[in-house]
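Work through the exercises below with the structure open. Each task is followed by a solution in steps.

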There are 2 protein chains.
Amino acid sequence: MSDQHKFVLDESKLPKAWYNINADLPVPPQPVLHPGTMEPVTPDFLGVLFPMNLIMQEISPERWIEIPEPVRDVYKLWRPTPMYRATRLEKALDTPAHIYYKYEGVSPVGSHKPNTAVPQAFFNKEAGTKALTTETGAGQWGSALAMACNFFGLDLEIYMVKVSYHQKPYRRIIMENFGANVYASPTDRTQFGKSVLAKDPNNNGSLGMAISEAVEVAATSNGAKKYSLGSVLGHVLMHQTVIGIESLQQMEMAGEYPDMVIGCAGGGSNFAGFTYPFLHKNFTEKKGTKVIAVEPASCPSLTKGKYTFDYGDTAAMAPIMKMYTLGHTFMPPGIHAGGLRYHGMAASVSAMVDHGDIEARAVQQLETFAAAVQFSKAEGIIPAPESSHAVCVAIQEALKCKRDGTKKVIAFNLSGHGHFDMTAYDDYHQGKLQDFEYPKAMVEEAMTHLPKVKL
Amino acid sequence: MSDQHKFVLDESKLPKAWYNINADLPVPPQPVLHPGTMEPVTPDFLGVLFPMNLIMQEISPERWIEIPEPVRDVYKLWRPTPMYRATRLEKALDTPAHIYYKYEGVSPVGSHKPNTAVPQAFFNKEAGTKALTTETGAGQWGSALAMACNFFGLDLEIYMVKVSYHQKPYRRIIMENFGANVYASPTDRTQFGKSVLAKDPNNNGSLGMAISEAVEVAATSNGAKKYSLGSVLGHVLMHQTVIGIESLQQMEMAGEYPDMVIGCAGGGSNFAGFTYPFLHKNFTEKKGTKVIAVEPASCPSLTKGKYTFDYGDTAAMAPIMKMYTLGHTFMPPGIHAGGLRYHGMAASVSAMVDHGDIEARAVQQLETFAAAVQFSKAEGIIPAPESSHAVCVAIQEALKCKRDGTKKVIAFNLSGHGHFDMTAYDDYHQGKLQDFEYPKAMVEEAMTHLPKVKL
């Protein structure tokens, strides 16, 4: 066991391949269905939105997929990222547990999102795409894709939820600085947006609406524009596995191996990126590491949702996948962890929760902020509200070790910093934040809108 | 020459001592004078504001001063910081020059300021100090000292310029998150603040006023509180030399040695921290590296000021030092690089500019933002407006290499990221920023208020 606090890898240790969990899934993958016909989709159907090289990654059975050198060259601007032993937090908690965290906040936009934005931009460029469309909520994903499109010379249209566009200008400015065109959604640039504005000119937008606008623009561009998504899809999760592959090397430097690995889960991408390489060891070397996905109690797809077929988006325009879902029409309460407000969950994460390979936990807003403040006072870094969900369960587990007198090794992914979320911290410190009861009636209502799939 | 982009040091390479340039100064140090008597001050006089262990550092002739282990332990939360070869920027500029940058933005508060905040909190704690006072403008320094006081269990009162307190809440919230008490200055907590408010209840404050309030609180606390300053003083500059000592090791990893080193200079601390270890090599090994301090053309103390005795603060309550100054009553125009709006300059920087060891350059606001945008599009990182001054001259020098067909090695300090300054970038992109003529008449007027020192 090393006494080091910080485990750094030089860039020769940057992974050369992504890990594709399709090769090791303990259950057969479920078909992806067309939102209209409800029949299994063909690559050609997906080809309207995505370039064929990314579709091939989505359905590839290969365990390792090579990372192209131009992508590795951009990764090197901030990767490998550091891993820390949280010795100050351990001392503050007076726990015998050893706590490690991987820190993705060192990327230029402060989160893990560029890990997939960069290869998506690269593979689109390779496929001849000239322009991308996407949506963004508070802007973590949008700023990552704006940076990536800047590097590879692609145009980018971003549909940003209107309320965030006006209330959170910092990330919008980052996107514009990298040359992206950012629109406050709903806009009058799409049929869908126009239909929303016709009913309510002051509509503040939602992530579901922004997705629908970005998809519509790509789908009706006669191939001129493709669409890019920041989570949920298989290739997106796979790109994120650089996080976990580096972490395995860093745990080896530390001379320890985790008894449990923890990540927050919205669509599932940072969670999968960190934990799948450890799951690979579970599958192939029977390591027995506990894998924990943490979600908000107010949007508890994994802990309260149903494992069934549902649309990927609110407007029922996206493909249907088998996943844990609260119903695609469910609108979660306005918690500050905007990146975790998704009705569903990535298919592979869902399948492995259902199969028992991954454990799901739900935590409340106030306990996550309390954990984030405790973490920041010990380690200096102020976590993003999403990442704070992982911090919260790591602290809970470390305190359990203290009660039980057991020395476990706990590792979690700190997926981003909270520098753009300081008003949420202010609200927390001023007692303005609240917990939310599980919105049972709303979920039950949403469940009545599930697609009628005959399989 | 290595092909690596990023040069990382593991924590065993963290410096064990700071470099004290007092031991190598090519000119004898000038006395520090009492603001009232204008006679040389004694350590006892300074002892009202600072603990004796820091005063001893201020006047020490020792070349290397050991960094205590508890300080190194906190440094390890983000240090050693990375150094990059800016290969993408080189390509964008099509220059034969090699450009390196040291990146201090990876600290938890996003700048180099914690390098001195942490030891100042530690040495105060060692000396029995229970509480500190300080001032902050936009909040870089305040957030660093808040984090440091949190780590060592010291209370902290921060006097934050009122206009920033209201317009830039993010950094205020970071300070409060770490447990500091932040007041919008001018306040009614001091005689000085009350006198200002009596004349103008809506006064928006200035850094000079905030310094005067923080100094008054410490000076009238009967020893209960000490005062802490984030730049200008000798011990502050010395604490920052961890930047340059690491950089020397990283240049060695790169297999190159800089022909020139560049830093932005407001009070002088990030500039000195990065360049003094290279100056040490110039002095002791005749390396001949050109050392360039970059300041804003609107506040050009080094390029247009006078090398003479002046007060360190606006209110003429702080000690008098020999330095380049625009006159302590000079109020610089409202450029976005708030950290560079200081009428004077650290004594050692001033002495070496006067002696010819350091070259000074002034650049305009628009060219610094243009350089920052070009840098961010090449390297991903969005620089703080202060750091952008160093970026600007690095790019100018790289383009000069292109014109001359010479391959120089250029290294600069990227002292912080610009995530809290995105509105300034927005203003730049929207054409709302302007350059400022050198305010000659204002400086000439301020020069009539210099202290009448008989030496």
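Helices here are DSSP runs of H or I with at least four residues, numbered from the N terminus. The model is predicted.

**Exercise 1.** Find how Glu176(A) and Arg172(A) are placed in their helix, and what their side chains form.

Solution. 
1. Glu176(A) and Arg172(A) belong to helix α8 (residues 169-177) of chain A; because they are four residues apart, about one helical turn separates them.
2. Their side chains meet in a salt bridge, 2.9 Å from N to O.
3. Buried means under 20% relative accessible area. Arg172(A), at 11%, is therefore buried, whereas Glu176(A), at 27%, is partly exposed.

**Exercise 2.** Carry out the analysis for Glu176(B) and Arg172(B).

Solution. 
1. Both residues lie in helix α8 (residues 169-177) of chain B, four residues apart, about one turn of the helix.
2. Arg172(B) is buried at 10%; Glu176(B) is partly exposed at 26%.

**Exercise 3.** Are Lys281(A) and Glu285(A) buried or partly exposed?

Solution. 
1. Locate the pair: helix α13 (residues 269-285) of chain A holds both, four residues apart.
2. Lys281(A) has 22% relative accessibility, so it counts as partly exposed. Glu285(A), at 42%, is also partly exposed.

**Exercise 4.** Describe the surroundings of Ala219(A).

Solution. 
1. Ala219(A) is in helix α10 (residues 207-219) of chain A.
2. Leaving out residues up to four places away in sequence, Ala219(A) touches Val48(A) and Leu49(A).
3. With 39% relative accessibility, Ala219(A) is partly exposed.

Terms used:
Residues are numbered from 1 along each chain as its sequence is written. Chains are lettered from A and ligands numbered from 1 in the order in which they are written. This is a predicted model: local features need pLDDT of at least 70, side-chain atom pairs count only at pLDDT 80 or more; totals for chains, interfaces and linings use all residues. Side-chain values use heavy atoms; hydrogens and water are left out. Helices (H or I, at least four residues) and strands (E, at least two) are DSSP runs, numbered from the N terminus. Buried means under 20% relative accessible area, exposed over 50%, partly exposed in between (1.4 Å probe, protein chains only). Contact means heavy atoms within 4.5 Å. A salt bridge is a side-chain nitrogen of Lys or Arg within 4 Å of a carboxyl oxygen of Asp or Glu.
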